[in-house]
Amino acid sequence: MNDSLELDQKPSIIENVAIGSHSSRLSSVIFFLLCFIPVSTTVLFGGVDNATWIIVTICWVAIILMWLVEAWRVKGLMFSPSSLQMPLIGLFLIGLIQLLPLGSGAGDAILSVPATRSLTLDPNGTRFFLSHLIVYIVFFAACLTFINSEKRLRKVVFLVVIFGAIMAFIAILQRLASPELIYGLRTPFQAVPFGPFINQHHFASFMEMTGGVTLGLIFGRSGLQDKKPLLMISIAIMTIAIILTSSRGGMIAFI
């Protein structure tokens, strides 16, 4: 009877696969890539360069291949059934529908703009957006699946806070030293840079996201009373960085 109770209390492989609680070396490598991608793309000019997207694509393919190998190894696909993925998938489907050849024809014109046979007036722009969106969908799905323990979640949270504070500090120094250059080397065309971002408003948005996590740790029940002074310093640096961006929308949103 004790043996039967122990068997009943032990979760099955199928349950582990469904909720993404399985952990292995491949899972750890995928987790590392999930942390590496946002950090590297932020440092490399906010991820807008084609060279940066080469790195992102390589990591994206590596995540998919290791995900499939892990699924083959455990005899089941690890995934998260979270409904948070549905808006991204729905947006992707809308983009695919816009590319269907349901338009009036190439010979017509709307407001002097040649029409295409697809529903979108800019098929190339739509395809470009969808190619990026599928990367975001896989990345988000992998995060929901492989950030599957409190230990990993804590690592990601502290990575966001520490990285945000470091980037804010570097951006403030850059603003004081050479406000028109990125890292003192690159001059963006027709834009006002801040930190690694070509657009100052984008950096303000980045600070809102990292600062939001920091404020959550300060005011939430995180049990980090001993680390609150460091968190307060981090949010102070981020706040100063947002103010220096002169982004009115960024400051209002942060408040």
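Which residues lie nearest the centre of the largest pocket? Let me answer that slowly, and then turn to the helices around it.

First, a word on the source: this is a predicted model, in which local features need pLDDT of at least 70 and side-chain atom pairs count only at pLDDT 80 or more, while totals for chains, interfaces and linings use all residues. Residues are numbered from 1 along each chain as its sequence is written, and side-chain values use heavy atoms, with hydrogens and water left out.

The residues nearest the centre of the largest pocket are P38, T41, T42, F139 and M209, and they belong to a lining of 39 residues. A pocket here is an open set of points on a 1 Å grid over the protein atoms alone, where a 1.4 Å probe fits, with protein on both sides within 12 Å along at least five of seven lines, and a lining residue has an atom within 4 Å of a point. The elements that give two or more residues to this lining are α3 (25–43), α4 (50–74), α6 (123–146), α7 (150–177) and α8 (200–219), where helices are DSSP runs of H or I with at least four residues, numbered from the N terminus. The most comes from α6, with 8 residues.

By class, the lining of the largest pocket holds 28 nonpolar, 10 polar and 1 charged residues; Ala, Val, Leu, Ile, Met, Phe, Trp, Tyr, Cys and Pro count as nonpolar, Asp, Glu, Lys and Arg as charged, and the others, Gly among them, as polar.

Now to α3 and its partners. Two packed helices are described by the angle between their axes and the distance between the axes. Axes are lines fitted to C-alpha atoms over the stretch in contact, and angles run from 0 to 180 degrees between N-to-C directions.

With α4, the angle is about 165° and the axes are 10 Å apart, and therefore α3 and α4 are roughly antiparallel, a word kept for angles over 145 degrees, just as under 35 counts as roughly parallel, 65 to 115 as roughly perpendicular and the rest as oblique. The contact, meaning heavy atoms within 4.5 Å, includes L26, V29 and I30 of α3 and T52, I55 and V56 of α4. Its residues divide into 15 nonpolar, 2 polar and 1 charged.

With α7, the axes of α3 and α7 come within 12 Å and cross at roughly 15°, so the two helices are roughly parallel to each other. Among the residues that meet are S27, S28 and F31 in α3 and R152, K155 and V156 in α7, and this contact has 8 nonpolar, 3 polar and 2 charged residues.

Finally, how do α3 and α6 lie, with what angle between their axes? They cross at roughly 130°, with axes that come within 10 Å, and that makes α3 oblique to α6. Their contact includes P38 of α3 and F139 of α6, two residues that also lie among those nearest the centre of the largest pocket.
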